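Hi there,

Here is the structure I promised to pass on. Have a look at it first, and then read on for what turned up.

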Amino acid sequence: MTPLLIENGDLLAGLGVWSDELLVSLLVLPVLAMLLGFVLGGRAAERITLLTLPLGLALAIAVAVLMLHQGTPLSYDIGGWEPPLGVALRVDGLSALLLLTTALVITGVGLYACADFATSADVKEARAPLAFWTLLLGLWAALNAVFIGQDLFNLYVAIELLTFTAVPLVCLKGSAETLQAALRYLLFALLGSVLYLLGAALLYGAYGTLDIGQLAAAMGSSAEPAAIAAVVLMTAGLLAKTALVPLHLWLPPAHAGAPAAASAVLSALVVKGSFYLVFRLWIDLMPLAYTQQIAQGLATLGAVAILLGGIMAIRQARLKMLIAYSTLAQLGYLFLIFPLLVSPVMVPALADGSTPAAWTGGILQLVSHAFAKASMFMGAGLIMIALGHDRIADLGGLGRLLPITLVAFALSGLSLMGLPPSGGFAAKWLLLRAAIETGQWWWMLVILLGGVLTGVYLYRVLVSASFGGAGAVVEAGPTSDRQSASVPELAPEALPELASAPSPEPASAPSPRSSSERPGQTGQAQSVQGQPRLQRPVARSRELIVLTLALIAIALGMVPLTSFEILQIGRGGEAMAMLEPLAEPVGLSAVELPPSGLTPVPSVAGSLVAEMEPLPGVAGSLPSAAEPLP
Amino acid sequence: MNAVAILGLLTDLVLAVSVLMLSIWIVLTPDRLRAVVGFLANGILIALVWMRLGAPDVALTEAIIGGGLVTLLLLGASARVPPESARNAFADRDRWPLHLLAALLAAVVAVGLALVVLNLPEPAPSLASAVATELPATAVDNPVTAVLMAFRAVDTLFETVVLVVALIAFWSLIPEGAWFQRAGWLPLREPAPALVLLGRVLPPFGILTAVHLFWIGTTLPGGKFQAGALLAAIWALVLIAGLSQPMAAAQRLPRLLVVMGPTVFFAVGLAGFWLAGDFLAYPSGLEKPLILIIEAVLMLSVAAALGLILAGLPPAPGSLEQRR
């Protein structure tokens with residue numbers, strides 16, 4: 001099958017024999033588990049899902065390891081039929097990373113959800129558990145299919161599967177509001193599907209193939225008008241599914257209304273699936289010149305999302321709504337990749353196969369947001385259980401009740417804000433560097449402003465959770481009490497950036513308001529000792545899952561950036577080779593370059609590298625330091 | 001231009017104009033029931049359009065799904081949604097700028113698409129010849145079946161999985177406490193005698209037609225999906241006439257039926273790894289029987305999934321419907 005077979009005794013070579021089976025299993029395993037769980041029903045569905053989690057994770061790891069070992073992308077023609085007649089699957093560096101992220105997040109979510117979606121002992125089967133466990137498996141299969149698909153119609157089936165598994169997760173609670181949110185999500189998502197399918201049909205009509213690689217090759221450096229219309233339609237549809245402003249209206253109520261475990265999957269993974277396809281359309285499919293023309297527009301929408309999402313998050317009264325708006329903002333960063341990646345300054349770097357900062361930064365943002373946001377939503381779920389509500393103003397005393405969850409929240413917050421040492425920091429810092437290198441200072445402003453907004457809304461939560469509430473009824477008593485508790489110290493420590501902000505103001509602001517707003521029962525519940533009571537206990541193990549995901553988001557920032565060269569596997573060659581003739585920009589780009597920023601590695605970036613030493617390996621990953629891959 | 005061509009052109013013109021007029025009428029008519037009936041007629045007209053375009057497979061599917069099953073769903077929905085109150089009508093009048101905007105946007109997209117399609121390369125690049133070349137390798141004679149069951153079998157497989165997921169999604173809407181109840185949308189309280197007679201007489205013919213559609217699928221237009229949809233429609237008719245009890249979500253048999261199709265498809269596909277060297281490849285000599293087996297179970301699964309969705313959900317405990 002491959003020359004690797006000859007390396008005798010090597011476990012990896014042995015794995016290489018199974019490369020086709022591994023790729024197919026990525027699709028088959030979760031689907032078969034779902035079908036079996038659906039037939040056996042109830043508790044069996046839960047057990048089968050829990051059994052599938054380690055298998056699926058092992059599969060994702062095996063695929064990633066195998067690809068890394070071979071140094072070339074894995075691909076497989078299903079049924080032995082080559083495209084354009086058949087359908088191909090392909091795993092390159094990026095998709096391997098996304099498969100791994102998906103597997104890890106879903107494993108975390110699955111373990112976390114055992115407590116929420118257990119079938120109670122007195123019934124044979126219940127609606128919500130059966131739906132949740134089967135849909136979770138279906139969603140996993142759909143995401144895997146999106147990440148390894150290479151054929152536009154096959155990808156359409158995958159995003160349809162994704163939609164039909166994601167939408168019902170929103171309304172598992174069955175309340176009127178969540179039903180409304182789910183219906184709105186469904187309408188947006190279906191519109192997106194229709195537009196995508198229309199585009200795929202047009203592309204077939206124009207080129208007679210649906211394979212992304214073959215389409216790109218057929219286009220060369222100029223696309224038919226039909227192809228442009230098709231890709232624009234598909235992009236509009238996918239943006240509706242990704243909830244990019246102005247097609248974001250469905251996201252906050254849907255993500256905030258879903259059960260915590262479902263919110264985690266929806267926010268961390270589902271919206272990324274459709275983003276990944278936008279990315280593939282414009283980077284892998286369309287000729288570079290067209291991407292350069294649309295890049296500024298996409299990024300402008302992303303910038304609006306960053307600012308709007310941030311401002312709306314600050315104004316929310318409920319924790320889950322705040323986190324949902326935060327997703328809106330964080331998705332915006334992903335769209336900044338486009339102008340930074342295809343800027344004429346970066347094109348030579350792209351063509352010689354090195355890893356541009358915007359590329360690593362964007363992917364790192366995607367992955368670290370997935371972990372941080374999954375952790376945050378699941379943490380919010382625990383807070384909801386422990387306190388019986390998620391009003392931000394009344395979170396006081398959380399540090400005593402759920403210290404681990406609060407730490408996890410703060411850690412995820414670090415990553416979202418982009419503070420070191422976290423995955424989010426590395427991501428945003430790389431994007432900043434790319435903005436400087438390509439002379440697009442305006443995106444730098446957006447990134448920085450977005451970070452400040454993120455800081456403000458997370459600060460609100462952390463301050464309220466650490467200091468708020470407790471002082472509302474018995475002002476003097478708990479204050480000294482609070483000083484002795486170890487956890488509240490965490491917040492100011494975790495937010496060095498905001499240390500200069502007038503801290504007493506936000507800290508005391510929620511207290512009077514909450515005491516006046518809080519009539520009757522809530523006030524009573526908190527009044528006795530001036531601190532909230534635990535409504536229901538929360539298992540320590542669930543807190544640890546939340547913490548683990550947050551720690552992964554942090555740890556991503558400590559990985560030497562040179563190891564992200566694996567993202568380049570499968571991209572240095574055929575995908576980027578066609579960029580070469582375009583290396584000299586011919587005035588097609590909408591990017592206006594200031595004359596000073598034209599050198600690939602400007603001195604500003606160099607000095608930044610010198611200053612920001614805490615990130616090991618960053619300096620070595622400048623575009624000039626290309627690492628030859630086999 | 002000879003007479004036949006002129007006649008064909010005239011037919012096309014009439015068809016196109018009536019589809020457009022009917023569509024506009026459906027959008028504009030205030031009465032829900034009329035709109036549904038219009039939708040049914042439109043589905044049949046569109047099926048005719050597909051016939052004229054030389055796509056009988058699509059025409060069949062459109063007639064059964066677009067004309068039949070979706071109409072049934074819409075009918076059920078329009079009967080269950082309470083009549084619009086005066087307040088809603090007022091709100092609708094207030095929203096006309098939004099509606100106008102949507103209409104304009106849709107018109108722009110439609111015109112743009114028309115321009116693009118008219119400018120597509122001529123002759124259109126197509127895989128039809130490649131399919132024809134490879135057709136003998138699949139041992140089926142209908143190129144559409146060859147694409148669905150061999151070249152792009154994985155898409156067909158996952159579409160049937162989507163159908164299972166759709167059923168799970170639909171059932172996740174079952175009201176709290178009603179999981180073990182039977183679905184309650186279709187049965188009429190007092191079915192007319194004529195309907196009961198129809199419910200008794202039609203099924204044998206319907207089943208025969210479905211089997212025929214399925215059987216000719218390997219050589220001529222037709223196939224499991226159309227046949228399954230027809231079976232589902234017949235099941236719905238029997239349920240409406242009250243001749244059979246609807247199923248409950250908690251029952252095992254309907255689930256087994258729904259899952260059977262994709263499971264068998266997966267099993268054959270995985271066996272292909274060992275027997276034919278590839279996932280979803282058929283060992284040579286066994287192509288036709290294997291495809292027939294898969295299509296037969298898929299037909300049953302499609303029929304079960306669509307039928308269960310048509311049968312609807314059980315009423316919420318204590319709701320008006322349940323007391324009725």
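**Two domains in chain A**

Chain A splits into domain 1 (1-148) and domain 2 (315-630). Please keep in mind as you read that this is a predicted model. Where the two domains meet, domain 1 of chain A contributes 17 residues to the contact and domain 2 of chain A contributes 20 residues. On the domain 1 side, helix H3 (42-70) and helix H4 (93-113) of chain A each provide at least two of the touching residues. H4(A) gives the largest share of that side, with 10 residues. By type, the domain 1 side that touches domain 2 of chain A has 11 nonpolar residues, five polar and one charged.

**An annotated stretch in chain B**

In chain B, residues 19-82 carry the UniProt annotation "domain: MrpA C-terminal/MbhD", which comes from an unreviewed entry. This stretch of chain B is 88% helix and 0% strand, and its end C-alpha atoms lie 29 Å apart.

**A helix pair in chain B**

Further along chain B, helix H6 (residues 128-138) packs with helix H7 (residues 143-151) at an angle of about 65°, and their axes are 10 Å apart. Because of that angle, H6(B) counts as roughly perpendicular to H7(B). Their crossing is left-handed. From H6(B), the contact uses Val131(B), Ala132(B), Leu135(B) and Thr138(B), while H7(B) brings Pro143(B), Ala146(B), Val147(B), Ala150(B) and Phe151(B). In this contact of H6(B) with H7(B), eight residues are nonpolar, one is polar and none is charged.

Best wishes

Terms used
Residues numbered from 1 in each chain as written. Chains lettered and ligands numbered in written order. Predicted model: local features only at pLDDT ≥ 70, side-chain atom pairs only at ≥ 80, totals over all residues. Domains from an automatic or database assignment. Contact = placed C-beta atoms within 7 Å. Helix = DSSP H or I, 4+ residues; strand = E, 2+ residues; numbered from the N terminus. Nonpolar A, V, L, I, M, F, W, Y, C, P; charged D, E, K, R; others polar. UniProt positions renumbered as here; feature names shortened; annotations may be inferred. Axes fitted to C-alpha atoms, helices over the stretch in contact; angles between N-to-C directions. Parallel < 35°, antiparallel > 145°, perpendicular 65-115°, else oblique. Left-handed = near helix turned anticlockwise from the far one by under 90°.
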